[in-house]
Amino acid sequence: MKKILTSLALVGLVAAGTAAFAAEEAHNAAAPTHFPINEPKEMSWSFTGPFGTYDKAQLQRGLKVYKEVCSACHSMNLVAFRTLSDLGYNEAQIKTLAAGYTIHDGPNDAGDMYDRPGKPSDHFPAPFANEEAAAASNGGAAPPDMSLLAKARGVERGFPQFVFDIFTQYDAGGPDYIHSLLTGYDQTPPAGMVIPEGTHYNPYFMSGVSLKMPKPLSDGQVTYDDGSPQTVDQYARDVSAFLTWAAEPHMEDRKKMGFRVLVFLLLFGALVYLTKRKVWEGVAH
């Protein structure tokens, strides 16, 4: 009888412990203590690795997504129209694209500000007059400038991932984060999680459980001329690649120069070694 009672007590303790653990897990899911809640998904990009290059067709599609969707709220103040030649556009195309924007310029000879069509030397104009106006139009949170967004955003990868990154040369934290954020809006928050009013749940957001920006992309929103899929995932891939180029337009030249330097150092090291052997081969040690 004593053994039976002891066994029942143990079963009760195990059941209580399991229930408490499940309750704690549910509480942690509803009140996370680290962000983002989900780590960004690692994507395959043409520009990663020591020999990575930009896909110009993808960059052109990403520019189209930025123009038709993102530019309504986000500025790109550090990117000049003339640099779009890197995407494969010729001079006439760049002039036409720039002329489609209105640039607030001045003062003129009379001391007045005026509006004029854009020129290749201009930068992408901001959609709002100042940061205060941007915040007032977006629920109190000014949308960040996108010029360096792909370099400024990125989630710290804990142990042991950051160790592997040294050998794999992982350098896509920014585009991986942007892609995951743009495609992470359709998920349902855990039961019990409080989502502040006027915000939108996204488990990939790096600063909280939700953000002011509503879901910006939907299937079929942007028309592609090259037959690429017109889906949220493809839009997110393309605009992430474009923002990576905007943040680091000289990446390909940097990688080429780095490869040439490494080849030079290897050849130089071999020549130094052979010279040392030649000079000291007849000298007794």
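Predicted model: local features only at pLDDT ≥ 70, side-chain atom pairs only at ≥ 80, totals over all residues.
Select residues 257-275: this stretch is 100% helix and 0% strand, with its end C-alpha atoms 27 Å apart. Helices (H or I, at least four residues) and strands (E, at least two) are DSSP runs, numbered from the N terminus. UniProt, in an unreviewed entry, places the feature "transmembrane region" at residues 257-275. UniProt positions follow the numbering used here, feature names are shortened, and annotations may be inferred rather than shown by experiment.

Residues are numbered from 1 along each chain as its sequence is written.

Next, colour the chain by pLDDT, the predictor's confidence in each residue, from 0 to 100. The mean for the protein chain is 89, and 90% of its residues reach 70 or more.

Move to residues 57-247, where the unreviewed UniProt entry places the feature "domain: Cytochrome c". Here the chain is 34% helix and 6% strand, and the end C-alpha atoms are 18 Å apart.

Now show the aromatic side chains. The whole structure has 12 aromatic pairs. Rings of Phe, Tyr and Trp (its six-membered ring) pair if their centres lie within 6.5 Å; planes under 30 degrees apart count as stacked, over 60 as edge-to-face and the rest as tilted. One of the pairs is Phe47 with Tyr54, which is tilted, at 5.6 Å centre to centre and 50 degrees between the planes. Phe47 and Tyr54 are both buried; buried means under 20% relative accessible area, exposed over 50%, partly exposed in between (1.4 Å probe, protein chains only).

Select Tyr224 and Tyr235 next. Their ring centres are 5.5 Å apart and their planes are at 80 degrees, so the pair is edge-to-face. Tyr224 lies in the loop between strand S4 (210-211) and helix H8 (232-247), and Tyr235 lies in helix H8, so the pair ties together parts that are 11 residues apart in sequence. Tyr224 counts as buried at 6% relative accessibility, and Tyr235 counts as buried at 0%.

Arg157 lies over the face of Tyr170, at 3.9 Å from the ring centre.

Finally, select Tyr66, Phe81, Tyr101, Phe124, Phe242 and Trp245, which ring pairs link into a cluster.

Key
Heavy atoms only, no water. Lys NZ or Arg CZ within 6 Å of the ring centre and 35° of its normal.
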